[in-house]
Amino acid sequence: MTRRFHKINIEISNICNFQCSFCPEVIRAKQLMRLPLFETVLDQVAPLTEQVTFHLMGEPLLHPDLPRMLDLCGSKKVPVFFVSNGALLTDARAELLLHPAIRQVNFSVHSFADNHPGEDPGPYLRKIFDFTRAAFERRPDLYLNYRLWNLKDPESDHDTNGQIRTLIEKEFGLKIPDIGDVRKQKSHRLLNRLYIHYDTEFVWPDPSLPELGDRGTCMGLRNHIGILADGTVVPCCLDKEGRIPLGKIGEQPLTEILDTPKAREMLEGFLARKLTDPLCRRCQYVTRFS
């Protein structure tokens with residue numbers, strides 16, 4: 001069955017144990033999505049999406065109801081795309097990430113150096129490596145990504161990630177392919193279903209930034225949307241403060257929210273390569289679709 005969206009980002013927590021320079025601080029009130037709201041959200045997104053991502057801002061491993069949330073996704077046959085910095089991995093949490101509802105786990109391994117400059121990443125990576133080996137054995141169908149999304153240059157990491165790359169090579173006895181131009185290829189398979197994924201930093205959209213023009217497009221409302229921890233629906237995964245609220249689940253059904261004049265105007269604009277919202281005209285990321 002063809003679904004309307006490739007993924008829907010469900011922000012189960014906007015609280016994070018790290019604060020990375022390339023991931024702006026959340027200004028909204030810090031909160032966890034309540035389990036009853038999550039159940040309502042999941043019921044409404046299940047018919048619309050190929051998968052859900054427990055991410056927009058925040059670290060999902062912090063949520064105390066994560067086991068129940070994964071069970072609900074499993075019961076409704078909604079695959080989960082899980083994004084984590086991996087620093088909070090324990091034996092119990094690693095076991096949880098082997099849950100059959102999870103289709104893919106992405107570890108943002110670039111986050112360690114940004115929060116612990118000059119420190120040895122070995123102990124941090126050891127937990128991720130151990131989980132990876134457990135997944136190879138027990139969940140060979142599980143996709144794993146080690147993310148290095150902190151490149152300054154699309155063709156080089158300038159040794160920013162050299163130590164992490166060396167430890168990955170040593171652990172798995174392999175040679176990581178050269179970066180190349182990440183504008184052409186971001187992902188490289190390393191072993192089994194383990195990949196390394198590169199990307200460059202960018203400036204998050206903010207009302208204080210100058211407008212870049214009204215011509216451009218976005219994949220928001222086309223292949224994904226975001227749902228913040230309080231149920232607010234936003235058109236894209238970069239609207240971290242909910243500055244373009246389309247509606248709120250719990251007050252209005254998602255299908256109605258997606259059919260509001262605001263949502264339709266934005267989507268029609270993206271399809272016509274016109275940026276109708278002021279925040280979109282201040283988004284550096286849309287230049288990647290030009």
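N192 is partly exposed, with 42% relative accessible area. This is a predicted model, and N192 sits in the loop that runs between β6 (187-191) and β7.

K77 is another residue to look at for its backbone angle. Phi of K77 is near 55 degrees, again positive in a residue other than glycine. You'll find K77 in the loop between α2 (66-75) and β3 (80-84), and K77 is exposed, at 75% relative accessible area.

Now for helix α8, which covers residues 261-271. Which of its residues are buried? They are A263, M266, G269 and F270. These four cover an arc of only 130 degrees around the axis, so they end up on the same side of α8. The general rule behind this kind of pattern is that an α-helix has 3.6 residues a turn, so residues three or four places apart point the same way.

Next come the charges. The structure holds 18 salt bridges, and here are three of them:

| Salt bridge | N to O distance |
|---|---|
| E169 and K175 | 3.8 Å |
| E211 and R281 | 3.3 Å |
| R282 and E211 | 3.3 Å |

In the bridge between E169 and K175, E169 counts as buried at 18% relative accessibility, while K175 counts as exposed at 61%.

E211 pairs with R281 through their side chains. E211 lies in the loop between β7 and β8 and R281 in the segment after α8, so this pair ties together parts that are 70 residues apart in sequence. E211 is partly exposed, at 41% relative accessible area, whereas R281 is buried at 17%.

The side chain of E211 also meets that of R282 in a salt bridge. That pair links distant parts of the chain too, with R282 in the segment after α8 and E211 in the loop between β7 and β8, 71 residues apart. R282 counts as buried, at 18% relative accessibility. Elsewhere, salt bridges with shared partners join E11, R28, K240 and E241 into one network.

Finally, have a look at the surface. Where do R215, R222, R273 and K274 gather? They come together in a patch of positive charge on the surface. One of them, R222, is found in the loop between β7 (194-200) and β8 (224-227), and R222 is partly exposed, with a relative accessible area of 31%.

How values were computed: Residues numbered from 1 in each chain as written. Predicted model: local features only at pLDDT ≥ 70, side-chain atom pairs only at ≥ 80, totals over all residues. Heavy atoms only, no water. Patch = residues over 30% accessible without salt bridge, like charges linked within 9 Å, V, L, I, M, F, W, Y side chains within 5 Å. Areas by Shrake-Rupley, 256 points an atom, 1.4 Å probe, with all protein chains shown as cover. Salt bridge = Lys/Arg side-chain N within 4 Å of Asp/Glu carboxyl O. Lys, Arg positive; Asp, Glu negative; His and termini not counted. Charge placed at Lys NZ, Arg CZ, Asp CG, Glu CD. Helix = DSSP H or I, 4+ residues; strand = E, 2+ residues; numbered from the N terminus. Buried < 20%, exposed > 50% of the residue type's maximum accessible area, 1.4 Å probe, protein only. Arc of directions from axis to C-beta.
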